[in-house]
Amino acid sequence: MARAFLVVLDSVGIGGAPDAAEFGDEGSNTLGHIARECAAGHADEGRSGPLRVPTMDALGLGAALTLASGVAVDGLSDTSGGMWGAATEVSMGKDTPSGHWELAGLPVPWDWHYFPTDGAAFSDDLVQKVCEFAGVDGILGNCHASGTVVIDDFGADHLQTGRPICYTSADSVFQIAAHEQSFGLDRLLKLCADLAPILHDMRVGRVIARPFVGDPKTGFTRTSNRKDLAILPPQPTLCDWVSGAGLPVQSIGKIGDIFSMRGIDRTVKGPDAELMQHLNDAVENAPDGGLVFANFVEFDSLYGHRRDVAGYARHLEWFDIEIASVIEKLRKDDVLILTADHGNDPTWHGTDHTRERVPVLVIGAGDKPLGHIQFADVAASIAKHLGVPAHPPGRSFL
């Protein structure tokens with residue numbers, strides 16, 4: 001039986017979104033600007049020269065970039081003989097749930113709630129709820145912030161006062177950072193779970209637990225015990241379509257959190273290096289039939305938000321080498337799709353996601369240019385490959 005592997009390179013956008021100006025992102029181009037900086041010799045930390053991603057480029061990565069944004073850069077080809085295209089999002093967001101839900105066939109049917117950028121980010125009532133659930137007399141942060149910067153800024157105060165660090169971003173998200181030992185991981189996870197229904201009723205897309213370790217002397221580091229509590233999709237998604245047909249659905253990375261485990265049988269988490277091993281294991285051992293849905297988050301979390309061009313380039317080059325070995329293990333009836341959920345241009349202003357088109361690279365279904373497609377077409381195509389009923393609005397390109 002056919003198997004499908006849907007792999008999201010979190011934030012690897014390719015520019016060109018027709019509505020980017022509405023998000024303040026006109027001209028942003030995650031892959032294009034990284035490749036440009038590499039070619040100019042401005043991203044030589046731990047690597048050197050033009051961006052080297054020959055596996056994905058042969059599949060159409062550079063061609064998709066040129067199609068999406070008209071950009072051609074050294075190190076990437078603007079033509080390809082593979083099956084490739086550039087996907088455009090219709091949901092009014094550039095966040096994780098919007099991108100993943102729409103890739104899974106469900107454009108977001110509402111406007112997300114975003115927190116104000118001026119003054120305190122959170123209302124007094126919401127702060128009071130946090131204090132009540134956490135058993136504390138106040139919170140730290142209460143602002144828009146980078147997740148790594150905010151623990152540097154407030155980590156010492158957090159250890160002294162026990163107050164959780166609460167912050168947000170340009171996405172529809174409420175994040176709580178707390179020390180795994182002094183505050184307690186279980187306590188942090190419970191706090192986020194208690195707050196989630198309130199925030200989801202406000203149409204806040206995710207409540208995220210951001211545990212960290214360390215001290216002011218040695219520095220603070222986030223751990224891999226992050227947990228996203230996402231609002232439940234209001235209608236069935238690709239995961240439900242496949243599961244409803246009696247086929248297994250496996251999540252690798254934060255996919256299970258994004259879909260609140262609905263339609264998902266099992267999940268594995270960890271840093272990207274471990275997730276790559278899990279993907280290799282799935283390709284080698286997953287039963288006939290079914291879907292493996294993976295997200296590699298470190299492009300976004302470690303390099304995009306931190307505006308680390310060289311680090312992002314290194315991770316792209318690492319992924320390119322690793323995915324080649326995955327592709328070699330695919331079976332005759334397998335289809336693997338590489339794509340992304342939004343952009344996070346490390347050369348752009350601020351530290352948030354950017355509104356961009358994304359590449360769609362298809363392995364195992366022949367060679368043809370797909371042109372411009374929609375995010376939801378990915379779900380429709382996987383459903384067709386697996387022989388399960390799909391729902392509008394996506395259209396299969398297979």
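**Close-up views of cavities and salt bridges**

**View 1. The second largest cavity has a lining of eight nonpolar residues, one polar residue and no charged ones.** Here Ala, Val, Leu, Ile, Met, Phe, Trp, Tyr, Cys and Pro count as nonpolar, Asp, Glu, Lys and Arg as charged, and the others, Gly among them, as polar. Welcome to a predicted model, in which local features need pLDDT of at least 70, side-chain atom pairs count only at pLDDT 80 or more, and totals for chains, interfaces and linings use all residues. Residues are numbered from 1 along each chain as its sequence is written, and side-chain values use heavy atoms, with hydrogens and water left out. The second largest cavity holds about 50 Å³ of space. Its lining includes Leu 9, Val 12, Met 56 and Thr 339. Strands β12 (334-339) and β13 (358-363) each give two or more residues to this lining (strands are DSSP runs of E, at least two residues, and helices are runs of H or I, at least four, numbered from the N terminus).

**View 2. The largest cavity has a volume of about 200 Å³.** A cavity is a set of points on a 1 Å grid over the protein atoms alone where a 1.4 Å probe fits but cannot get out, and lining residues have an atom within 4 Å of a point. Grid points are joined across faces, edges and corners, and the volume is the space filled by probe spheres set on them. Of the 22 lining residues, Ser 169, Gln 175, Arg 210, Asp 300 and His 305 are the closest to the centre. Strand β6 (206-215) supplies the largest share of the lining, three residues. By class, this lining has four nonpolar, 10 polar and eight charged residues.

**View 3. Arg 3 and Asp 334 join their side chains in a salt bridge, at 2.7 Å from N to O.** Arg 3 sits in strand β1 (residues 3-9) and Asp 334 in strand β12, so this pair ties together parts that are 331 residues apart in sequence. A salt bridge is a side-chain nitrogen of Lys or Arg within 4 Å of a carboxyl oxygen of Asp or Glu. Both Arg 3 and Asp 334 are buried (under 20% relative accessible area, with a 1.4 Å probe and protein chains only).

**View 4. Lys 94 meets Asp 25 in a salt bridge, again with 2.7 Å from N to O.** Lys 94 is buried at 10% relative accessibility, and Asp 25 is buried at 3%.

Key:
1 Å grid on protein atoms, 1.4 Å probe; cavity = no way out; pocket = protein on both sides within 12 Å on 5 of 7 lines; lining within 4 Å. Buried < 20%, exposed > 50% of the residue type's maximum accessible area, 1.4 Å probe, protein only.
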